[in-house]
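Subject: Structure for your review

Dear colleague,

Please find below the structure that I am handing over to you. My notes on it follow directly after it.

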Amino acid sequence: MVTVLIAILLPFVCAALIPLLYRRLRRVAHLGWFVLSVPFILFLLLARYIPQIAEGKTFIHTYEWIPSFNINFTTYLDGLSMIFGLLITGVGSLVILYSIFYLSTKESLHHFYCYLLLFMGAMLGVVFSDNLMVLYTFWELTSVSSFLLIAFWHHRKASRAGARKAMTITVFGGLSMLAGFLMLYVASGTFSIREIVADVEVIRDHTLFIPALILILIGAFTKSAQFPFHIWLPDAMEAPTPVSAYLHSATMVKAGIYLVARFSPVFGGEAVWFWLVSVIGLVTLFWGSFNAVRQTDLKALLAFSTVSQLGLIMSLFGLGSVAHYYGYAADTVLYTQASFAALFHLINHSTFKGALFMMVGIVDHEVGTRDIRRLGGLMALMPITFTIAVIGGFSMAGLPPFNGFLSKEMFFAAALTIRNVEAFSISDLGLLFPIVAWVASIFTFVYCMILISRTFFGKLQLDKLDKKPHEAPLGMLLSPIILCVFVVGIFFFPNVLGHYILDPAMASIYPAFPSASELTPHIHAWHGINAELLMTVGVIIIGIILFKTLKSWKPLYRIFPQRYTFNMYYNRLIEFGENSSAKLTNRYMTGNLTHYFVYIYVFFVALIAGYFIWSDAIAFNFAKDSAVESYELILVFVMMFAAVWIIFAKGRVTAMLLNGVLGYSIAFFFVIFRAPDLALTQLVVESVTTALFLLCFKYLPDLMPEASRKKMKWSKVIISIFVGATVTLVGLAVVHFDRFEPVATYFNDSYKLAGGSNIVNTILGDFRAFDTMLEVVVLLIAGLGVYTLTKLKPRKEETDHENQ
Amino acid sequence: MKINDVILRTVTKTVVFIILTLGIYLFFAGHHAPGGGFIGGLVLASGIVLLYLAYDIETVHKGMPFDFKKVAALGVLLATGTAIGSLFFDAPFLTQTHSYINVPIFGKMGFSTVTIFEAGVALTVVGVVVTIILSISEDE
């Protein structure tokens with residue numbers, strides 16, 4: 001299956017090409033036109049497989065990556081990944097088209113599109129990977145690219161804060177998900193999702209099954225902004241609007257939902273899974289819609305509405321998991337309808353929410369503000385944008401003739417059905433599901449009305465606007481119009497989508513159920529007067545009443561004390577972490593070199609001497625030692641003399657030169673003991689470091705007699721003696737240490753194995769070349785570190801433009 | 001006060017050639033005799049540092065217009081490049097190979113990919129040592 005591999009790799013390759021293209025293309029055309037080709041081509045490539053997927057085929061291909069650890073690059077294309085693949089590439093194309101007109105060429109487009117392509121590749125990697133480790137890698141990569149995109153305007157403080165918050169929360173979730181994956185691996189012995197699904201009966205009894213379930217759900221909930229992790233999504237709205245439309249409503253935030261759908265066959269039959277997914281989803285649905293009403297920023301309103309809609313989809317997957325508990329039977333097929341509604345709403349949400357985000361972006365771009373207190377009366381000035389807002393808003397509110405109506409009716413139906421389920425002791429609380437769903441839908445209706453009426457009706461307040469409003473250029477309107485066509489089109493022809501796209505995805509969620517087509521209901525717009533329709537009518541009536549009386553009940557929101565919001569808890573947690581780690585670090589990082597040496601040497605003595613004593617390795621055997629010659633003794637005395645003199649030296653240069661005496665004497669020893677390589681190296685290193693030290697000492701003040709306490713002085717003396725003793729004892733003990741097999745015999749074959757007769761160099765360049773290579777890299781990093789620390793100091797006259 | 005460094009400059013002119021030649025010799029000798037990339041690079045670097053000590057930075061830079069940060073980067077690229085290169089010949093990471101080829105005039109000579117690897121090491125050492133010393137000495 002090369003197509004899927006191309007789908008994952010092409011965005012990465014193009015992201016790498018962007019720096020090269022940017023310089024050439026900058027003057028000719030907007031970089032976006034080149035980038036647009038990537039998702040568009042991929043969309044067409046994937047769309048070619050729709051008929052085959054609809055017939056129930058799946059495509060799998062394995063590229064061996066780290067087979068020794070069971071980590072293979074396995075791509076898997078089935079109905080579920082197809083939906084996401086089409087969403088990522090389809091919405092991606094429209095968003096990039098939109099961004100060409102939204103972002104001017106003055107912005108650093110190469111960064112923007114590079115991150116966007118990185119994200120696209122990573123997201124496609126998440127949905128097409130069958131291997132959990134590969135999936136996890138791509139998963140974190142989406143968090144990283146989202147971080148970079150939120151902080152795209154990084155001169156703004158709010159952007160950086162939002163990016164950090166999103167990163168902290170999603171990576172925390174990602175890490176717990178990783179732990180969950182590892183537990184699954186322990187339980188099942190495989191990283192392949194398909195194999196785990198196949199062995200689910202065996203894994204279910206493992207003790208780690210429930211912990212893995214909870215940890216994986218934390219990953220899904222953080223990514224999909226579920227309560228109480230939803231706080232990052234409104235702050236992520238600092239990103240440019242195309243990013244919000246793409247990552248933070250259509251694709252990335254649905255990764256968690258993808259994960260839940262993908263793992264439904266594994267965990268679906270568990271009560272914990274049912275309760276966590278459906279209840280957290282419902283709470284998120286309510287909390288998001290309830291909070292969306294009070295927002296004054298259009299994007300913040302849409303962010304909370306996204307949170308709420310994600311909760312809706314999540315809870316539907318929770319309700320649908322009941323069918324796994326019962327297994328396949330004629331009357332349980334009914335429960336699978338919730339999952340069907342979830343998939344259907346997933347697509348619908350991407351269409352109308354994408355259009356709405358782009359609409360808000362147009363308003364922001366053409367009017368200069370997104371604050372509904374300053375907006376109003378734009379209907380006559382921006383008729384096309386208004387139409388887009390009405391179509392998107394009514395679809396979100398669940399009104400006909402838009403696709404949101406269909407999926408919302410199915411949602412009500414699923415919530416009503418679940419009342420009658422006996423399992424998991426649902427029946428006691430069963431009535432709560434439709435009630436919460438209904439109340440949340442009323443709020444959804446209210447905020448949709450706020451969105452439309454506050455922006456386009458009422459009085460135009462020209463004095464509060466920065467620009468004179470006018471209709472957006474066609475290019476900017478094109479993408480939301482295409483999405484609106486889908487919003488209406490899906491309403492009239494839902495079963496085309498149902499057959500080709502949703503039907504095979506149902507087969508992925510319910511692999512144990514024999515026929516997927518049986519699970520796919522025929523979607524009707526009109527199904528007679530029943531409970532769902534009456535609920536919708538109720539939503540509209542009460543919604544209109546609430547909207548009209550908004551002023552009188554809005555003070556309700558102030559009852560909640562600001563101190564107890566989740567944002568406050570998050571901020572306190574971060575503050576606590578920063579403060580306590582700063583305190584801890586400052587306690588030992590005193591900035592005093594002497595203290596650092598004390599840590600190093602005490603640790604050294606404790607570890608080395610401790611280990612030697614503990615393992616009883618200190619044993620001397622002088623029998624085989626050769627006699628000490630007189631010239632060796634002379635050298636030793638020279639070194640001792642120099643070493644002792646250093647302590648009493650008055651000037652830094654004197655101490656430095658005495659240190660040089662020590663170094664050169666060691667080189668002499670190497671010569672005496674016939675180690676020419678070492679002697680040469682030692683000589684040159686000594687010369688270069690002496691020159692370096694002399695350079696550095698130019699900047700240091702004269703040596704001052706230390707005014708330290710007597711106790712301190714004695715402790716230093718004791719530490720020095722211990723260090724000296726340790727080195728001496730270890731040196732003497734090691735000479736005759738024979739517990740390990742000597743490696744020397746191996747190196748004797750250096751000529752035969754490495755083609756060189758200099759053993760030292762064959763070790764450096766061949767036998768242990770990996771060490772050498774990394775040492776070279778470390779050396780470069782150290783050099784660059786010195787360079788940047790000395791050269792790139794911030795200049796004082798530079799104004800601080802970071803915190804706007 | 002101006003330091004009279006005529007002696008240093010005159011000596012440097014001759015000695016630097018000896019040092020640089022020694023460095024290159026050590027680099028190539030490394031395969032069978034004492035020497036090698038690290039030591040060769042160090043000797044070369046010390047020769048260049050001596051030049052910088054005797055003359056001012058501008059003068060030396062005119063003769064050797066290298067950016068030593070880039071020299072170091074090139075070295076790392078060579079070292080890691082030879083390591084990765086072996087993957088393209090379906091051999092494990094960092095596999096080194098060697099053979100003997102008859103070269104006119106010089107006769108039979110040994111060639112080894114280790115030489116490229118060691119050249120990377122040498123260039124990194126030269127680049128880093130000179131970069132560190134230059135950036136510290138130029139610091140105001």
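Two residues are taken to be in contact if their C-beta atoms, placed from the backbone, lie within 7 Å. In that sense, the contact between the chains draws on 36 residues from chain A and 43 residues from chain B. Please bear in mind that this is a predicted model.

Confidence

For the complex, the predictor reports an ipTM of 0.91 and a pTM of 0.80. Chain B has a mean pLDDT of 84, with 94% of its residues at 70 or more. Within chain B, helix α1 (residues 6–29) has the highest confidence, at 90, whereas strand β2 (residues 107–112) has the lowest, at a mean of 71.

The side of chain A that touches chain B

Three helices of chain A, namely α30 (676–697), α34 (759–767) and α35 (769–791), each contribute at least two residues to the side that touches chain B. Of the elements on this side, α35(A) gives the most, with 15 residues. Sorted by class, this side of chain A comprises 22 nonpolar, 11 polar and three charged residues.

Helix α34(A) deserves a separate remark. Its buried residues are A:Val760, A:Asn761, A:Thr762, A:Leu764, A:Gly765 and A:Asp766. Both chains take part in covering them: the cover includes α30, α33 (750–754) and α35 of chain A, together with α2 (37–54) and α5 (113–138) of chain B.

Nonpolar cores

The largest nonpolar core has 208 residues, and those with the most contacts inside it are A:Leu117, A:Met123, A:Leu149, A:Leu316, A:Ala355 and A:Ala414. Helix α17 (residues 337–367) of chain A gives the most to this core, with 18 residues. Apart from this core lies another, of 44 residues, which includes B:Ile48, B:Leu78, B:Val128 and B:Ile133.

As for A:Met123, when its neighbours within four places in sequence are left aside, this residue is in contact with A:Ile88, A:Thr142, A:Thr251, A:Met252 and A:Ala255.

A helix pair in chain A

Helices α18 (residues 383–397) and α20 (residues 432–456) of chain A pack at an angle of about 170°, and their axes are 8 Å apart. Because angles over 145 degrees count as roughly antiparallel, α18(A) is roughly antiparallel to α20(A). Among the residues that make the contact are A:Phe386, A:Val390 and A:Met396 of α18(A), and A:Phe445, A:Leu451 and A:Phe456 of α20(A). The residues of this contact divide into 10 nonpolar, three polar and no charged.

With kind regards

Terms used:
Residues are numbered from 1 along each chain as its sequence is written. Chains are lettered from A and ligands numbered from 1 in the order in which they are written. This is a predicted model: local features need pLDDT of at least 70, side-chain atom pairs count only at pLDDT 80 or more; totals for chains, interfaces and linings use all residues. A nonpolar core is a set of buried Ala, Val, Leu, Ile, Met, Phe, Trp, Tyr and Cys residues joined through C-beta atoms within 7 Å. A residue is buried if 20 or more other C-beta atoms lie within 10 Å of its own, exposed if 12 or fewer, and partly exposed in between; C-beta atoms are placed from the backbone. Helices (H or I, at least four residues) and strands (E, at least two) are DSSP runs, numbered from the N terminus. Ala, Val, Leu, Ile, Met, Phe, Trp, Tyr, Cys and Pro count as nonpolar, Asp, Glu, Lys and Arg as charged, and the others, Gly among them, as polar. pLDDT is the predictor's confidence in each residue, from 0 to 100. Axes are lines fitted to C-alpha atoms, for helices over the stretch in contact, and angles run from 0 to 180 degrees between N-to-C directions. Angles under 35 degrees count as roughly parallel, over 145 as roughly antiparallel, 65 to 115 as roughly perpendicular and the rest as oblique.
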